[in-house]
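Hi,

Here is the structure I promised to pass on.

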Amino acid sequence: MSELWRKSALELAAMIRGREVSSREVVQAHLDRVEAVNPHVNAIVRLLPEQALAAADEADRLAADGTWLGPLHGVPFTVDAPPVERLRAAGAIAFGRTNLPDFALRVHTDSALHGLTRNPWNPQRTSGGSSGGEAAALATGMSPLGLGTDLGGSLRNPAHCCGVVSLKPSTGAVPSATVIPPEDMTISNQLMDVEGVMARRIADVRAGFTAIAGQHPRDPLSVPAVFTDLAPGERPKVAVLPEPPGGSTHPGVAAAVRRAADALADDGFKVTEAVPPDYEQAVELWATILAADLRVVKPVLDQLMGAGGRQFIDYTSGYLPESDLAGWAMAHTARHGLARRWSLWYQEYPVLLCPVWSQPAFPVGFDIASLDGAVATLELMRPVLPANLLGIPAAVVPAGMADGLPVGVQVMGGKYTELRCLAVAEAIEQRLGPLTPIDPVAG
């Protein structure tokens, strides 16, 4: 049973359902893995062993009576976001909370409360953010499934850095709610922030997303969407963007995107290099809309954030575009026009394949070492920003290595095409294979 931590969420669910193993044994195996590995990476900041084992015993009791709660019955998962109700309804068991940067406002996970989360591939490189603790826990086998949020790549940045998979859903696809003040969101959060699932296998992300998606009365922006999937045998045209406009791209990152494209071509997809309309404008509009909200809440952030988080906000606030009310309103008008043009473009190219970051995971502290470092960080993360601005889905799957670090690629599509994005990502995964779980590399 010591190797249960290597299994995917759905593999564990099948083993529990087949009575090969109990939920208690699965949960205990992951608790043991946390004890062995977490001191090296600092990914999980709060464990719930008694609660999790009690839930596992209840899952085993129900199973003995022939009662199954759902497709994730008895499977443990970790959390860095509020919505756990629906995963629990699917039978999953919350057993820990993972680390994230202060207020989730940094793409490097270093918390004033809990410290630095280390990248399991190289402790001198970032694990990404904001869901860096989640990604490191998944990559090292401490958890098979997790939750996170995404305002500027926070589900996708760590997946790229740590070699795991994730899905940033369309705006409104997954309900978001909190009982922690403030309960009401800023405009940028309403438009661009979402919650989603992370794992080591695309099939697990699909199962988790299916469990948590759909309208909820606590979130007035959530919708009862119907999600587009691939039809049997369908192989849509895929636009490939190895080197996104607006900055440089590491040759190893571009090579990983082309490697993923070749995998899709071998599987029968129609692959061609193309650029979506006004790509750089999408990045600029994301910055304009978010910057307006950041400047409003910055006095509060200055009082509550740690030194690293404050430094990053100081650098980026000074660099991001500043606009008056008229300029801010025009940015929203421009956002609508851009969304319309991308929506029409997706009629010709239903799928976009591109990097997550244009560079491998950066050295720890690079984003706050200087203004140039902060600006370079914004540049390297530019590929994740159009999906947030436009409210469209983006799946991440590993596609190779660069400088000894994982490289993830994004599979993007039009609004509510989550299942199609996941199907295309899974086609890449099946050809190129997973990178994790791994034992963490010692510093």
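Arginine 258 is partly exposed, at 32% relative accessible area (partly exposed sits between buried, under 20%, and exposed, over 50%, with a 1.4 Å probe and protein chains only). The arginine 258 side chain meets that of glutamate 243 in a salt bridge, 3.5 Å from N to O; the term covers a side-chain nitrogen of Lys or Arg within 4 Å of a carboxyl oxygen of Asp or Glu. Arginine 258 belongs to helix H9 (residues 251-266) and glutamate 243 to the loop between strand E9 (237-240) and H9, so the pair ties together parts 15 residues apart in sequence. Helices (H or I, at least four residues) and strands (E, at least two) are DSSP runs, numbered from the N terminus. Glutamate 243 is partly exposed too, with a relative accessible area of 46%.

Before you go further: this is a predicted model, where local features need pLDDT of at least 70 and side-chain atom pairs count only at pLDDT 80 or more, while totals for chains, interfaces and linings use all residues. Residues are numbered from 1 along each chain as its sequence is written, and side-chain values use heavy atoms, leaving out hydrogens and water.

Back to the charges. The structure holds 15 salt bridges. Another one joins aspartate 314 and lysine 298 at 2.8 Å, N to O. This pair links distant parts of the chain, 16 residues apart: aspartate 314 is in helix H11 (residues 307-319) and lysine 298 in helix H10 (residues 279-304). Aspartate 314 is partly exposed at 36%, whereas lysine 298 counts as buried at 17%.

Then there is aspartate 150 with arginine 156, a salt bridge of 2.9 Å, N to O. Both of these residues are buried. Glu58, Arg61 and Asp65 are linked in a salt-bridge network.

What about helix packing? Helix H2 (residues 23-41) packs against helix H3 (residues 49-64) at about 155 degrees, with the axes 7 Å apart. That makes the two roughly antiparallel, a label for angles over 145 degrees; axes are lines fitted to C-alpha atoms over the stretch in contact, and angles run from 0 to 180 degrees between N-to-C directions. On the H2 side, the residues that meet H3 include Val27 and Leu31, and the H3 residues they face include Leu53 and Ala56 (contact means heavy atoms within 4.5 Å).

Cheers

Technical notes: Angles under 35 degrees count as roughly parallel, over 145 as roughly antiparallel, 65 to 115 as roughly perpendicular and the rest as oblique.
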